[in-house]
Amino acid sequence: MKNTGDISKGTKDKDTSGNKLQFETFVILSAKYQTLLTTKYKNRKKWEPVNEKHVLSFIPGTILKVFVSDKEKVKKEQPLLVLEAMKMENTMFAPFDGTIKKVYVSTGDKVPKGTLMIEFE
Amino acid sequence: MPLKKKIQELKKRREEVQMGGGEKAIEKQLSMGKLTARERVIALVDEQSFHEYDLFVEHEARDFDMANKVLHGDGVIIGTGTINEEPIAVFAQDFTVAGGSLGMMHARKITKIMDHALKMRMPLIGINDSGGARIQEGVNSLAGYGEIFFRNTLASGVIPQISVILGPCAGGAVYSPALTDFVFVVENISKMFITGPEVIKTVLGEEISMEDLGGARVHSEITGNAHFYAKSEKECFEQIQKLLSFIPWSNDKKAPKKEVKPPKAKFKINNIVPGDSRQPYDIRDVVKAIVDDSDFLEVQELWATNMVIGFGRINGETCGFVCNQPLVLAGVLDVDSSDKAARFIRYCDAFNIPIVTLVDLPGYLPGIDQEHAGVIRHGAKILYAYSEATVPKVTIIIRKAYGGGYIAMGSRHLRSDFVFAWPSAEIAVMGPEGAANIIFRKEIMSAENPDEMRKLKVEEYKEKFANPYVAASKGYVDSVIEPDETRKLLIHAIDVAKNKQISGPKKKHGVPPF
């Protein structure tokens, strides 16, 4: 995460209408700039590496069926669950041979995109 | 029947239809803090100038008992009038009539006025206040939207198209505003989204208010869909009138020339920019120190604020300003600010508005989120837009112009007509700190005191390269100028470039990275 903006607080100055501005130190290529940060920048999503053992919802939807349970051994391409989204029933399959560590969802659950549904050991 | 009676009948019919959805519906509209469609049009255009067409249009739906329903004007008002004494075309959806829902005849009225606007080369203003497609009319309603989108695209770059969101604008309906040049929103009144809170709740179980999902602030600050934000409908109409004072009526005209007034004395151009290039200032103060009467109309004031765009006049002539804003995120280029600048540049180019670029940026914003959000293809838009633009282009490098940022911000290499630099300009392949770390890496690492050595080398690099004279010695900068001379030179440059004519290779159209 080098160069992503190393931020430390500082205060200075006022804007044209006399409001106090909260400048922060913002580092780009080793140069430290005094500037304001936007909410969007501050709220930006931190990147996380992909965890192959996590089965995430690729689209928001509803869990129609769950075929597996905790501690169950599954074969590659064995159906795990059905996620209904946008009028389509999507069956999600095991990505590899393995053991289910935990099933986090049950039939009828509504899941946003990127929800952890099943974890492998 | 004598003519007199017939005239009376006409009057009676008019009055009836002009009541829209009736008293109750009007009362409800007003209780939501909204004006009625007709009141809006009248408030927007010059006094007594509005003339309405298709008042007596009726819908043709027959299914679901629609045959028995009377929908006055089919839920939309169309007409022509004047703003600033020049003709404009307008439509306004009437929420009091079946929720302003869009059926076939409703759409046909809108496309009629769109055709007029395009044919007669005048701005089109659309006031949106509609619950969406009229479900009872099925695929005819979808066809209506399609016909509108097609005309929005056809008219794009020919006449100014302005969308005013004064109520809900949901589902497919949002794409007409999205295709137009400027979108106006009003606090608490405007709501725009593809799928509303209810659908999101049913599908996801997530609860969110309309305001938080697609309210005026959201579109002004987060999505960038809106260009102008107002606290009231009245303020919104004033903004539209002001915008129209800056832009030409069509792509074969120039913006109206205004009486020349010097910038206001309180903006002293020599006192705005700090000498230390790591210290912030408000670039808008520099713009106001340059433009006539210090009158600067900022576009998308609340979104991607590290880039400032807007209209100002130089010697009476409208110019589009594209400026890095050191006050926010040090003025970096990123996904949103590239997008913002690129579209504005294309607008100016389409409508014969010279582009003035003020440069002060450290480069493109580094970071995983930016890379993954596609800063490569979004950043490319700004290169494309500048390169493609054939209107007069004048660039002024105020302070930092490093690396890719230097190239992107209207550089000589993208065919700017004039590039001027202040003596404070630092035109270099990268900032002194970063450059010294790379070029003098060995010396710094092997020094007894690396930090001291680094400081020394940064200073050395700064002295040699962080100035305007290296670029000026290659002819990439035409003149190094005193800040005081900026306005005078701009006036001259834009005047000299007024008959500019260039043409590129023959093509149907380019393939910009969008």
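This briefing walks through a two-chain model, topic by topic. The model is predicted, so local features need pLDDT of at least 70 and side-chain atom pairs count only at pLDDT 80 or more, while totals for chains, interfaces and linings use all residues. Residues are numbered from 1 along each chain as its sequence is written, and chains are lettered from A and ligands numbered from 1 in the order in which they are written.

**Chain A at a glance**

- Chain A has one helix and 11 strands; helices (H or I, at least four residues) and strands (E, at least two) are DSSP runs, numbered from the N terminus.
- Read from the N terminus, the order of elements in chain A is β-β-β-α-β-β-β-β-β-β-β-β.
- Of the 121 residues of chain A, 19% count as buried. A residue is buried if 20 or more other C-beta atoms lie within 10 Å of its own, exposed if 12 or fewer, and partly exposed in between, with C-beta atoms placed from the backbone.
- Among contacts in chain A with a separation of 6 or more, 42% join residues 24 or more positions apart. Two residues are in contact if their C-beta atoms, placed from the backbone, lie within 7 Å.

**Where the chains meet**

- Chain A gives 28 residues to the contact, and chain B gives 29 residues.
- On the side of chain A that touches chain B, the elements giving two or more residues are β2 (24–28), β3 (31–35) and α1 (39–42) of chain A.
- The largest share of that side, five residues, comes from β3(A).
- By class, that side of chain A has 13 nonpolar, nine polar and six charged residues. Here Ala, Val, Leu, Ile, Met, Phe, Trp, Tyr, Cys and Pro count as nonpolar, Asp, Glu, Lys and Arg as charged, and the others, Gly among them, as polar.

**Domains of chain B**

- Chain B is assigned domain 1 (3–246), domain 2 (269–430 + 466–499) and domain 3 (432–465); such bounds come from an automatic or database domain assignment.
- The centres of domain 1 and domain 2 of chain B, taken over C-alpha atoms, are separated by 36 Å.
- In chain B, 10 residues of domain 1 are in contact with 13 residues of domain 2.
- On the domain 1 side of this contact, α9 (216–223) and α10 (233–246) of chain B each supply at least two residues, and α10(B) has the largest share, three residues.

**A helix pair and a helix end**

- In chain B, the axes of helix α4 (residues 104–119) and helix α5 (residues 139–155) come within 8 Å and cross at roughly 10°. Axes are lines fitted to C-alpha atoms, for helices over the stretch in contact, and angles run from 0 to 180 degrees between N-to-C directions.
- α4(B) and α5(B) are therefore roughly parallel to each other (angles under 35 degrees count as roughly parallel, over 145 as roughly antiparallel, 65 to 115 as roughly perpendicular and the rest as oblique).
- The contact of α4(B) with α5(B) has 10 nonpolar, five polar and three charged residues.
- The buried residues of α9(B) are B:Ala216, B:Val218, B:His219 and B:Ser220, and they pack against β6 (182–186), β7 (191–193), α8 (210–214) and β8 (228–230) of chain B.
- Just after α9(B), B:Gly224 takes a positive phi of about 80°.

**Nonpolar cores**

- The largest nonpolar core has 142 residues, of which B:Phe184, B:Ile240, B:Ile345 and B:Leu358 touch the most other members. A nonpolar core is a set of buried Ala, Val, Leu, Ile, Met, Phe, Trp, Tyr and Cys residues joined through C-beta atoms within 7 Å.
- Another core, of 11 residues, lies apart from it and includes A:Val103, A:Val111, A:Met117 and A:Ile118.
- Not counting residues up to four places away in sequence, the contacts of B:Phe184 include B:Ile162, B:Val164, B:Phe228 and B:Ile240.

**Loop residues to look up**

- A:Asp97 sits in the loop between β8 (88–93) and β9 (98–103) of chain A, and A:Asp97 is exposed, with 12 other C-beta atoms within 10 Å.
- A:Asp97 touches A:Lys75 and A:Lys76, not counting residues up to four places away in sequence.
- A:Leu29, in the loop between β2 and β3 of chain A, has a positive phi near 45° although it is a residue other than glycine.
- B:Asn352, in the loop between α12 (335–350) and β12 (355–361) of chain B, is a residue other than glycine with a positive phi near 60°.
- Most residues other than glycine have a negative phi.
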